[in-house]
Every structure is written in structure tokens, then in C-alpha cells.
Protein chains: 2
Amino acid sequence: MSTNQFLPLVEKIKTEGKCLEGGILKVDSFINHQIDPIMLQLMCEEFARRFSNVHVDKIMTIEASGIAPAVVLGYLLKKPVVFAKKKKPSTMANMLTTEVYSFTKQKSYTVCCSKEFIKEGEDILFIDDFLANGNAAKGMIELVEKAGAKIVGMGFLVEKAFQNGGQMLEKLGHRVESLAVIESLDNCTITFKE
Amino acid sequence: MSTNQFLPLVEKIKTEGKCLEGGILKVDSFINHQIDPIMLQLMCEEFARRFSNVHVDKIMTIEASGIAPAVVLGYLLKKPVVFAKKKKPSTMANMLTTEVYSFTKQKSYTVCCSKEFIKEGEDILFIDDFLANGNAAKGMIELVEKAGAKIVGMGFLVEKAFQNGGQMLEKLGHRVESLAVIESLDNCTITFKE
């Protein structure tokens, strides 16, 4: 869990982020409903910089909000991007699947990916918008390991450190890079980790 | 309905596209499951070229497969991208909504967008991966018109001309630019429009 805060994103969250009751951080004006092209570019360049010492064959994410940062990073690094799907599409056979429990939605969902697009021995960089308890990320690790591929890094735009997903992923031996790390959303106040 | 085929995409579909029973074209090795970064860049540069004479305030798409081309086009044009959501998120009030019937899935779904991110008077370029019967595109036109904004162009990576969505959208007065236009998928053979 890096506390290496990416200041342009921290400033943007301070200016445009909204904190709602129940530990919810809304960043839908620039990350997960409307996307700010300048901020997206800055964030992806920062991911490229932080993971520049890692060999990457492919970038993976989960639909839908992870697609934007994954794709622009893929564009910058000229690497293929694979997005795992949240339901098994009717036109797909030969799938890797795993179950993920979402605390936000209080139900499990299936994450799946065609075996064609994660191959044995590939080095996978996982990118997503949020890291909270890390269940989705853990599901992706399982998918990638089922395929015999390897996670070489995990990048998140925003980490809610109080939900301990970063700690859990690091205990599993993964390198986690979060561009903005939030210590608390108590009392509807956004507090960044020092 | 432009029959101005974008040849790099046509070649890619010929090489990697798979035609399944029932008029299904699978392009998931480079468009909607795995994304080829070089092809994505070429396609988005082509959209930028085709819509270079149009004033654009914002790019809109629908999650999830439209996000990749919309975001890279937003990156190239330095314009915000808004992606409409297929379910109303619990953390969103003040939404514009519309119903879309999917022939593929044989059910209706709700498409929604926060009123904050489409404003009266804005010029909207709509981008999506597929144009078939055009129901999703028509739903987006309704959303944008409800907001008092204006669709200035509609760009699709692949159009299935035999499902007549392009014709329908042009009859409604919209400019449609499809990078690859498919005339028929009969007998599991991909035939491009001349």
C-alpha cells in the first residue's frame, strides 16, 4: 500500500469529490461517470511511471469503471487491454470464472474472462478505479492464476485505506500502487493518508 | 449511413472476426473483451478525422464496450467523456433515464445519466462499438434531448447495415459514421457493404 500520493489527483478529489454518508466517495464528475481527459492522462502517465520497472504483457481490468484508465494506459504503453466481464456473455465459451462478493451491493457476482485472452506465462498489470476491501482485485488474481499467468502489479486510482484491501493484497505478495490513498471518510470528511 | 469503409478495421475483422449462427459477429479479440491498442488508436484517429468539421463539447457513450473508443477519442480531442449507465446507481439522484429494448438480450434495460453531466446547449458526439437496430443509440438521443443538448454526430466502430439502425438514425436527421459497415452475416460469412 503506497502512501505516495499523486498530488494532482488529491487536489482534484478535494475540489470535486463528494463524501456521502456511509463512507461513500463520489468522484463521478471526473472518474466514473464523466471522465476528465486531462486528469485521466495525468493519472495514466503516473501509472506508466510507477510501473516502468515492471515487465507487462497485458493490462487487465473489470468492466465498467476500470476500462477508462486501463485503456488509456494501454494506449500509452502500447499493450493489449483485457476487461473481465461481470456476467457470462451468451456468445462466449471457454471461460475462466470466479465469484466476487460486493459489500457495496451486498451480493455476489460472477467475473469472467475468455481463456483465449489470458495465457500461461503472461505478465499482467491489473488496473481499476477503486480499491476498497479488495474483493474484486482478489477475484482477478484468482482468474489470472487459474490461467497460469502472473500479476506483476496492481494500480488503483483511489484506495480507501480504512477498508484494508491494500494491506490484504500486499500480504498476498502483490505490489499495489494507489494514486490517492484515503485514510478516512468519517463524518463526511475526506482525509488523505499522510 | 456512410459506406466509407475504414480499411484497417475491415482487414482486422476479416482476419480476427468470427461469424456465429444467428447474425452474431465476434470481435472480442480486439474490440469488446480484449482491446488491441494499435487498432483502437487508428480507429479513434479516424473518428477524429471524420468529425473534425463538427463542434464537440462532450463525447457520450454507454457502458461497457463503448467506453474504450469514447475515452481514447476524448483523449485525442481533449474533451470530457460521459458514459451512460445501464442501471441506476444507488448513489445517484437527479438522473435522466430512458428505456432501451435489446433484441440481442430480448429484454429492456434502463439507461441513465446524471443531469449534472449533460447540460442544455451542449454539442454531444455519441460513440459506441456496434450499431445494429439502433435502439441503444435512439435511447441516447432521447436522453440528450431531454437535457436540452444536441447530438452533433454518431460514430460506431461496426455497423450491421442489415439491421437498419443506420438508416433509422439518418431518417431522424443524424450524421452517422461507421468505420466498418457489414452488409450481411448470412451463412456465417462476413460480407462488407460495397
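This note comments on selected strands, helices and contacts of the structure above.

1. Basis of the model. The model is predicted, with local features requiring pLDDT of at least 70 and side-chain atom pairs counting only at pLDDT 80 or more, while totals for chains, interfaces and linings use all residues. Residues are numbered from 1 along each chain as its sequence is written, and chains are lettered from A and ligands numbered from 1 in the order in which they are written.

2. Strand E4 of chain A. Helices (H or I, at least four residues) and strands (E, at least two) are DSSP runs, numbered from the N terminus. E4(A) spans residues 58-62 and is mostly covered, 5 of its 5 residues being buried. A residue is termed buried if 20 or more other C-beta atoms lie within 10 Å of its own, exposed if 12 or fewer, and partly exposed in between, with C-beta atoms placed from the backbone. A:Lys58, A:Met60 and A:Ile62 point one way from the strand, and A:Ile59 and A:Thr61 point the other way.

3. Strand partners of E4(A). Two strands pair if DSSP finds at least two bridges between them. E4(A) pairs with strand E8 of chain A (residues 123-131) in the parallel sense over 3 bridges, and A:Ile59 stands opposite A:Leu125 in E8(A). E4(A) also runs parallel to strand E5 of chain A (residues 81-84), to which 4 bridges join it; here A:Phe83 is the bridge partner of A:Thr61.

4. Crossover. E4(A), helix H3 of chain A (residues 67-77) and E5(A) form a right-handed β-α-β unit. Right-handed denotes that, with the strands pointing away from the viewer, the path from the first strand over the helix to the second runs clockwise.

5. Contact of chains A and B. Each chain contributes residues to this contact: 31 from chain A and 31 from chain B. Residues are in contact if their C-beta atoms, placed from the backbone, lie within 7 Å. On the side of chain A that touches chain B, H3(A) gives the most, with 6 residues. That side has 17 nonpolar, 7 polar and 7 charged residues, where Ala, Val, Leu, Ile, Met, Phe, Trp, Tyr, Cys and Pro count as nonpolar, Asp, Glu, Lys and Arg as charged, and the others, Gly among them, as polar.

6. Pairing between the chains. E5(A) and strand E3 of chain B (residues 34-35) run antiparallel and are joined by 2 bridges. In this pairing, A:Val82 stands opposite B:Gln34.

7. Helices of chain B. B:Pro8, B:Leu9 and B:Lys12 in H1(B) meet B:Met39, B:Leu42 and B:Met43 in H2(B). The residues of this contact comprise 5 nonpolar, no polar and 1 charged.

Notes: Contact = placed C-beta atoms within 7 Å.
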